[in-house]
Amino acid sequence: MHLRLALCTIPCTISLLSAVALPAQSASRMADTMLVRAVDSLVQNAVVRGITPGFGLAIVRDGHVLARRAFGMANASRGIRATPQTRWYLASTSKSLTGFAMALLADRGTLPFSTSVRDALPGSLWHDDVVVDALTIAQLLSHTHSLTDNVIVVSSAFTGAIPEPQWPSLLASVPPARRPALIYSNFGYNVAGMILDRRTRGGWREFLDSAVLHPAGMRHTTARVSSVRPALLAIPHDYASLGFTTGPFEKRDQTMHAAGGHVATLDDLARWVQIQLDSGVVDGRRVFPATAVRLAHTLIAAHTESRGKRYAYFDRDGWSAGWDVGRYDGEPMVSRFGGYATMRSHVSFLPERHIGVVAMSNGGLGSSLTDVVAAYVYDLDGGRPDAATRAWTRVDSLYTSLPESRRAALLADSQARTQERTPPGVPIGTLLGRYTSPELGTLIILRNGPSIAVRWGVLAAPVRTVDAADGTYRVAGGGTEFSLRFEWSGNAGRSPATAAVVNGSAMRRVK
């Protein structure tokens, strides 16, 4: 049973009137202390009002860390507050680290971005319809590889059912998409991890540790979640009737990968932003070549889909090596965001103004709050007269939508619990057993009271009976959801099922 934390147990009436009084703005930049006070007030207000259970913030300007603050709870059920020592899961923000590792190799001349994947990953076997000689590292890093993959991504991010050394053998199961386009996915960075495994000593984890994290002084950033004490982790949170309950943090070492596989402190992330803004310099020392940093920020491919050209308040032009390249209110902006379960990471900076923001949240409407806070920092720094009004109006809007968001989440949770207790539409015994495929590993169906559950690699979760008559089920775990149904050689339920079909891919029963 989870303990409930009521972050706001009395009617909260804090609104625009609570904002720090700001002087009339001109084109001159706001003083550091004023900027920090203003943003601090906004975030404190949002956490007190229950918009998010916990929040991490760092502001970097002109080579200095102006603020490094943690608010609220890292783990509400255990009463653990968020602190600067809290480790936040980066999710897809890890792509900025992997992309930079590839930029370092390209800058050295070891693996230029124009290198074909056949040369970068010699000996690997690909789908017959993939023209491997024409597929380049640049296309992997910019999501323009035009390959559709639901195989490697499943094991790398959610199940860990296929061990990482075997992932190159799965490339033959990855077909080309129907049309070329910039389609965001983990796949290109998973393959970049395979290239680092093949071309560096110790593999992608060791290379990032030795070539990126250690020189950067990011001593509390790791891809090995098992090495972090649970009390230091920011945990995903679910809605309760009041406040939040702690949800599961289901990431394991097996599902920490090159496209989304690090936890880090605010200090480390602030250093990462400093390095980007100062072209490889931090603490007055050059730790990376300016040419490598510049290469990592250089646009490789422009967006081809309208949905990718705008996110929240930020315009996106396209992709570089690990970063979104775009604009905020017309000014150049480089950013990378990530999401897992109810958690969100936001790292961005405006190179011409030499300012950047780290914003992390672990539940509720914190995902939207990260973008509100970053925009507020940039508006204050830019001297927008309506900066406070705009930011506080957005926070008030989040607060207004909070009851409906909570109701919808609690309703969905209640429905899920009901589905988990609903028996399948066939005798349970016909479903129990092991199902396997070379691409997806082994799925075990177990009895779970009146229904069933799955074990699939490191993922363990109850099965939800969506429609017993139609034989449709869902599995939620590992930070995502899968569809599930069963196949029979004869009439359904008269004999053991012959296959389990997960997200459209069949896994055959092992006798």
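Predicted model: local features only at pLDDT ≥ 70, side-chain atom pairs only at ≥ 80, totals over all residues.

Guide: Leaving aside neighbours within four places in sequence, Gly339 touches Ala91, Ser92 and Arg344. Gly339 sits in strand β14, which covers residues 331-340.

The loop between β13 (324-328) and β14 contains Asp329. The phi of Asp329 is near 50°, a positive value in a residue other than glycine. Because its relative accessible area is 45%, Asp329 is classed as partly exposed.

Helix α7 runs over residues 203-216, 14 residues in total, and spans 19 Å from its first C-alpha to its last, close to the 20 Å expected at 1.5 Å a residue. A bend of about 40° is found in α7 at Asp209. Beyond the helix comes Gly217, with a positive phi near 75°.

The buried residues of α7 are Gly203, Trp204, Phe207 and Leu208, together with Ala211, Val212, Leu213 and Ala216. The cover over these buried residues includes the helices α2 (95-108), α6 (187-199) and α8 (266-277), as well as the strand β8 (281-282).

Two of these covering elements, α2 and α6, also pack against each other, at an angle of about 45° and with their axes 10 Å apart. That angle makes α2 oblique to α6, and the crossing is left-handed. On the α2 side, the contact is made by Lys95, Thr98, Gly99, Ala101, Met102 and Leu105; on the α6 side, by Tyr189, Ala192, Ile195 and Leu196.

The other two named covering elements, α8 and β8, have between them a loop in which Ser279 is found. Ser279 has a phi near 55°, a positive value in a residue other than glycine. With a relative accessibility of 32%, Ser279 counts as partly exposed.

Terms used: Residues numbered from 1 in each chain as written. Heavy atoms only, no water. Helix = DSSP H or I, 4+ residues; strand = E, 2+ residues; numbered from the N terminus. Expected span 1.5 Å × (residues − 1). Bend = angle between axes of the 7 residues up to and from the residue. Buried < 20%, exposed > 50% of the residue type's maximum accessible area, 1.4 Å probe, protein only. Contact = heavy atoms within 4.5 Å. Axes fitted to C-alpha atoms, helices over the stretch in contact; angles between N-to-C directions. Parallel < 35°, antiparallel > 145°, perpendicular 65-115°, else oblique. Left-handed = near helix turned anticlockwise from the far one by under 90°.
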